[in-house]
Amino acid sequence: MAEQFDVVVIGGGPGGYVAAIRAAQLGMKTACIDMFTGKDGKQALGGTCLNVGCIPSKALLDSSKHYHHLQHDYGDHGINAGDVSFDVSKMLGRKDGIVKQLTGGVAGLFKANKVTAFHGKGKLLANREVEVTVSGSEDVTKLEAKFVILASGSEPIAIPGVEFDGEYIVDNVGALEFSETPKRLGVIGAGVIGLELGSVWSRLGSDVILLEALPDFLPVVDEDVARAAARDFKKQGLDIRLGTKVKKAEVRKGVVHVTVESGDEESVLEFDRLLVAVGRRAYTEGLLSDDCGVKLTERGQVEVDSQSRTSDENVWAVGDCVRGPMLAHKASEEGIAVAEIIAGMPAHIHFDTVPWVIYTDPEIAWVGKNEKELREEGIEFNTGSFPFAATGRGLALGNASGMVKLLADAETDELLGAHIVGASASELIAECVVAMEFHGSAEDLARIVHAHPTLSEAIHEAALNLDKRAIHRVNK
Ligand code: FAD
Ligand code: AMP
C-alpha cells in the first residue's frame, strides 16, 4: 500500500523545502521529493538556488571581488599587496564547500522537523497519488497525500541555433565550473544572471562581452539607476553591446563563433567560452500525469490563482514553476503561505513589496515601482535622491559610487518605490521594504534616526530631499 502523508511536496528548492518545513512545523506528516544529485553522488536538497544559483554565484562573486579589490583598490588605502595571484580550483572548492554546508543543513532541518525526504523524480497522478522514481535505480514508490505542493522550479532557456554542449557553450551550471579563466568570454543576455556571472570572470581576467538584444540597458530597473550602473560597469571593463541579437553559435577547433545582428549588420565574434543567460522557464517535464487535474498556462507554467492554488483545490504550486518573479525569497514566502493556508491559517504575499537585487559591484536593489512605471500609470509622485559620494561612510569605505532614489505619492507621501545602486544595496533595501510593507511615507523615513556614519544615511537624506530639506546636498 502507498505510504500516506498529509502533505507531499515535489521539489526541494527554496519554494519546496521551506514549504515542507513549515507544513511539518504545523503538525502535518510531510514528505519532500527532490531529484537533485550533488557532486558526491548523494541527494543535495536546496534546488537551483543552493546548488547552482544564488549561493554558488555569490560565493564566486565574493571571491572575485576580493581579488579585484586587491589588484585595483587597496593601493588607495595605503596597502601594497605586491604580486597578487589566485587559484581557480581553490575558489571553486570554497564555493562547493559552502554549497555542501547549506544543502546538508536543509537535510538536517528535515530530520529535526521530521520531514521525510525522497531522492527521486516525483510525478503527480490522479487523486493526489504521487509516484517517485528513485534516483539511480528503476524503483518506483507510491505515496498518497491529502495535499500536494508542486515546486519543480525552472530551467535555462536555450536559443535556437545555440546548442548547449556543457563545455564551450554553457548555462549557469557550466559558468560556475570553468576550471580556468576563459580568455574571451561571450555572454548572451545582459540580465541579472549574465551580469553577475560575467562580472565574476571579468574580475578574474576574462575579456567579457555581453550581447544584449534589447536597445536599453536593464529596462526593468529605474532609468537613473541603470544609467549609473552602466557607467560603473563600463569603467570595470565590461563590454555591454546593446541592440545586438545573437543568431547562432558554432564551435570550431575549440573556438566559439557567434553570429550577431546589430541594426542591419551581421558579424561574427570569437570566444573561448559562451554563456547563454537569456532567462529561465518553468520546469514541468514529467511532473504531471494527464489525469491529475492540474493545468499548465500557455507559457508552460503551472496555472495558479492569487493564493497559489492550482486547478485542483488540494494541489498548490509555488516558486519558479508559477507566475511572478523568479526569485528564491518569493518562492520561499509562497511556500510558507501555502503551508499555512493548508493548515487553515490566513496567509498571503504582497507581490508589490518583493525586493529585487543584482549582486554586481555596485549592487543594484529595488522594491516597488520605478519612475517610468508611475508615469505610465498616471500616478503623481515626488522624488528624492542622495549620492553615496556625500556620505562619510561611503568615502571611508573607498566605495562611494551610486545613490538612493525614493519615489512617493504626491498627495499622500506613501512610498511607492525605492531604488539603490551602490555598495551593500542588497542589505540597505530591507529598510525600504519594511517601510513600504507598513505603508510608510517618505516622511516616516525622514524622521527615523539613522546611525552615523552608515550608508543607510543616504536613505534618510533621500527621504529628506524628497521634501527639499536634505542637509548634506543642495536640494533641487
Ligand atoms: P528550484 O530552486 O529550481 O528547485 C526546484 C527543485 O525541484 C530542483 O532541485 C529540481 O531538481 C527539483 N525537481 C524538479 N522537478 C522535479 C520532480 N518532478 N521531482 C523531483 N524533483 C524535481 N534568486 C534570488 O532570489 N537571489 C539570487 O541571488 C539568485 N541568484 C541566482 C543565480 C543563478 C545563476 C540562477 C540560475 C538563479 C538565481 N536565482 C536567484 C533564482 C533562484 O535560484 C530561483 O528563483 C529559485 O531557486 C526558485 O526556487 P524553486 O524552489 O521554485 O525552484
Ligand atoms: P534575464 O531575463 O534577466 O535573465 O535577462 C535575459 C536577457 O537576455 C534579456 O535582457 C533578453 O533581452 C536577452 N536576450 C534574449 N534573447 C537574446 C538573444 N538572442 N541575443 C541577445 N540577447 C538576448
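Predicted model: local features only at pLDDT ≥ 70, side-chain atom pairs only at ≥ 80, totals over all residues.
Trainee: Which residue forms a salt bridge with K247, and how far apart are the closest N and O atoms?

Mentor: A salt bridge is counted when a side-chain nitrogen of Lys or Arg lies within 4 Å of a carboxyl oxygen of Asp or Glu. Here the partner of K247 is E261, and the closest N and O atoms are 3.6 Å apart. Residues are numbered from 1 along each chain as its sequence is written, with chains lettered from A and ligands numbered from 1 in the order in which they are written.

Trainee: In which strands do K247 and E261 lie?

Mentor: Helices (H or I, at least four residues) and strands (E, at least two) are DSSP runs, numbered from the N terminus. K247 belongs to strand β11 (residues 244-252) and E261 to strand β12 (residues 255-262), so the bridge ties together parts that are 14 residues apart in sequence. For exposure, buried means under 20% relative accessible area, exposed means over 50%, and partly exposed lies in between (1.4 Å probe, protein chains only). K247, at 37%, is partly exposed, and E261, at 28%, is partly exposed.

Trainee: How many salt bridges does the structure hold?

Mentor: The count is 27. One of them joins R323 to E334, with the closest N and O atoms 2.7 Å apart. R323 is in the loop between β16 (315-317) and α8, whereas E334 is in helix α8, so this pair links parts 11 residues apart in sequence. R323 is partly exposed at 23%, while E334 is buried at 1%.

Trainee: By how many residues are E443 and R447 apart in helix α12?

Mentor: An α-helix has 3.6 residues a turn, so residues three or four places apart point the same way. E443 and R447 are 4 residues apart in helix α12 (residues 442-447), about one helical turn. Their salt bridge brings the closest N and O atoms to 2.6 Å. E443 is partly exposed, at 23%, and R447 is exposed, at 64%. Elsewhere, salt bridges that share partners join D222, D224, R227, E371, R375 and K405 into one network.

Trainee: Into which domains is the protein chain divided?

Mentor: The bounds come from an automatic or database domain assignment. They give domain 1 (3-156 + 281-349), domain 2 (169-278) and domain 3 (353-466). The centres of domain 1 and domain 2, taken over C-alpha atoms, are 28 Å apart.

Trainee: What is the area buried between domain 1 and domain 2?

Mentor: The size of an interface is often given as the accessible area lost when the parts come together. That loss is computed with a 1.4 Å probe and summed over both parts. Between domain 1 and domain 2 it is about 1,500 Å², with carbon and sulfur atoms giving 66%. V52, L61 and V88 supply 29% of the area that domain 1 buries against domain 2, more than any other three residues. In terms of contact (heavy atoms within 4.5 Å), 20 residues of domain 1 touch 16 residues of domain 2. There are 3 salt bridges between these two domains.

Trainee: Is helix α1 mostly covered or mostly uncovered?

Mentor: Helix α1 (residues 16-25) is mostly covered, since 9 of its 10 residues are buried. Among the buried residues are Y17, V18 and I21. The elements covering them include β1 (3-10), β2 (30-34), α4 (88-113) and α8 (328-342). After α1 comes G27, whose phi is positive, near 90°.

Trainee: How is the aromatic pair of W356 and W366 arranged?

Mentor: A pair of aromatic rings is described by the distance of the centres and the angle of the planes. Rings of Phe, Tyr and Trp (its six-membered ring) pair if their centres lie within 6.5 Å; planes under 30 degrees apart count as stacked, over 60 as edge-to-face and the rest as tilted. The structure holds 6 such pairs. W356 and W366 are stacked, at 5.6 Å centre to centre and 5° between the planes. W356 lies in strand β17 (residues 356-358) and W366 in strand β18 (residues 363-368), so the pair ties together parts 10 residues apart in sequence. W356 is partly exposed at 29%, whereas W366 is buried at 6%.

Key
Heavy atoms only, no water. Buried area = accessible area lost by both parts, 1.4 Å probe.
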